[in-house]
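My entries follow in the order in which I checked things.

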Amino acid sequence: MTGMSRPVAWMMVFLAGCPLVSFGAAPMEPSMGPSTKALEPARRTAEKVESLALAGQAKIREWIQLAAPTDREYVAADGEGQEKGVRTIGMVRDLPAPFESGKAKKTAWSVAADGTKVWALVIESPTATGIRLGLDGLILPEGGTLRVSSFLHPDQTVGPYGREAIVEGERLWTETVFDQAVVLECQVPAAADESDFSVSISKIAHLYVSFENLVIPKEGDCHNDVTCSDADWRSTGNSVAGIGSIGQSGVLWCTGTLLNDVAQDHIDYFLTANHCVSNQDEASTTEYYWFYQTSTCNGTPPNPTSVPR
């Protein structure tokens with residue numbers, strides 16, 4: 001689960017009628033079909049991969065490239081969203097073969113000037129607008145951390161994920177990095193044993209819907225842009241988040257809101273609809289997008305990389 005501290009208490013309810021707030025009034029795309037506009041191709045010649053330095057520290061020696069998504073994958077992802085009555089923003093994809101650190105080949109580490117040991121892997125899914133990685137069996141040495149960065153724009157980074165992010169027996173889904181190729185990096189202190197590091201990756205989330213197309217258009221008295229409202233409603237709107245959760249085939253989009261309790265003890269209760277998140281497994285995959293409001297009434301939604309998650 002990303003964007004909120006663990007553990008998060010969540011609630012399931014069936015909601016009906018008009019939402020109190022929405023993110024804006026831009027038009028939605030009518031179709032969830034295959035993307036026809038690929039992102040800039042990632043550079044992947046052997047010479048550039050070998051010489052690429054991540055933050056000036058790690059040489060990337062391992063690269064996993066998926067084929068372009070098939071129509072069958074789009075149909076399965078969109079079908080899951082339609083069945084649940086929610087918007088589909090991406091698909092769950094299998095790697096060509098499960099990756100296990102140190103199994104297929106000896107895990108190659110670089111050593112920084114301060115002795116920090118660094119390992120890096122690139123995963124590319126052509127035409128993706130964003131990628132999340134599903135990490136299984138993650139074991140980190142003492143002081144070890146993971147980060148995920150955009151390959152083309154390394155300053156876009158999520159993490160670090162330390163031991164506190166690991167829940168035994170649960171897949172860790174990293175936050176979205178908006179690129180079609182991402183770099184998974186592990187850093188281990190000089191005094192730690194890097195051979196204690198272990199991770200397995202068999203699935204990724206491949207996003208294909210641009211976030212500016214997620215805003216629901218105004219319908220009568222429903223779906224109002226909260227930025228057009230008074231100060232009280234704008235303040236209330238800060239408790240609303242867009243949420244992306246991982247299904248069986250698709251990445252699904254909904255919204256929800258934080259709740260306070262009588263004790264006012266700041267426990268993170270989050271309220272959403274049952275058709276959005278119906279069990280703990282789905283809740284554990286959820287990524288929260290906060291303050292995704294327009295800056296002016298009926299204005300343009302912000303870039304999703306610029307809002308807290």
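Predicted model: local features only at pLDDT ≥ 70, side-chain atom pairs only at ≥ 80, totals over all residues.

Residues are numbered from 1 along each chain as its sequence is written, and side-chain values use heavy atoms, with hydrogens and water left out.

**Overview.** I noted 4 helices and 17 strands in the protein, taking helices (H or I, at least four residues) and strands (E, at least two) as DSSP runs numbered from the N terminus. Buried residues make up 50% of the 309 residues. I then looked at contacts, meaning heavy atoms within 4.5 Å; among those between residues at least 6 apart in sequence, 78% join residues at least 24 apart.

**Strand E13.** I found that 8 of the 10 residues of strand E13 (residues 198-207) are buried, so this strand is largely enclosed by the rest of the structure. I count two strands as paired if DSSP finds at least two bridges between them. E13 pairs with strand E5 (residues 87-100) in the antiparallel sense over 7 bridges, and there Asp-94 has Lys-203 of E13 as its bridge partner. Strand E8 (residues 130-139) also pairs with E13 in the antiparallel sense, over 8 bridges, with Leu-133 set against Ile-204 of E13 as bridge partners.

**Nonpolar cores.** For a nonpolar core I required buried Ala, Val, Leu, Ile, Met, Phe, Trp, Tyr and Cys residues joined through side-chain atoms within 4.5 Å. The largest has 30 residues, of which Ile-123, Leu-133, Leu-135, Leu-146, Phe-197 and Ile-201 touch the most other members. Among the elements that give two or more residues to this core I listed E5, E8 and E13. A second, separate core of 18 residues includes Ala-77, Trp-173, Val-251 and Tyr-292. Returning to Leu-135, and leaving aside its neighbours within four places in sequence, I saw contacts that include Leu-146, Leu-172, Leu-184, Val-199 and Ile-201.

**Charged pairs.** A salt bridge here is a side-chain nitrogen of Lys or Arg within 4 Å of a carboxyl oxygen of Asp or Glu, and by this rule I count 7. Glu-287 forms one with Arg-132, the closest N and O atoms being 3.8 Å apart. Glu-287 lies in strand E17 (residues 287-290) and Arg-132 in strand E8, so the pair ties together parts that are 155 residues apart in sequence. Glu-287 counts as buried at 1% relative accessibility, and Arg-132 counts as buried at 1% as well.

I next checked Glu-142 and Arg-163, whose side chains meet in a salt bridge (2.7 Å, N to O); Glu-142 counts as exposed at 57% relative accessibility, and Arg-163 as partly exposed at 44%.

Lys-84 and Glu-282 also meet in a salt bridge (3.3 Å, N to O), with Lys-84 in helix H2 and Glu-282 in helix H4 (residues 280-283), 198 residues apart.

**Glu-80.** Which side chain of opposite charge is nearest to Glu-80? It is Lys-84, 5.5 Å away, and Glu-80 is buried yet has no salt bridge; for charge, Lys and Arg count as positive and Asp and Glu as negative, with His and the chain ends not counted. Glu-80 lies in helix H2 (residues 71-84), and, not counting residues up to four places away in sequence, Glu-80 touches Gly-247, Gln-248, Ser-249, Gly-250 and Leu-252.

Notes
Buried < 20%, exposed > 50% of the residue type's maximum accessible area, 1.4 Å probe, protein only.
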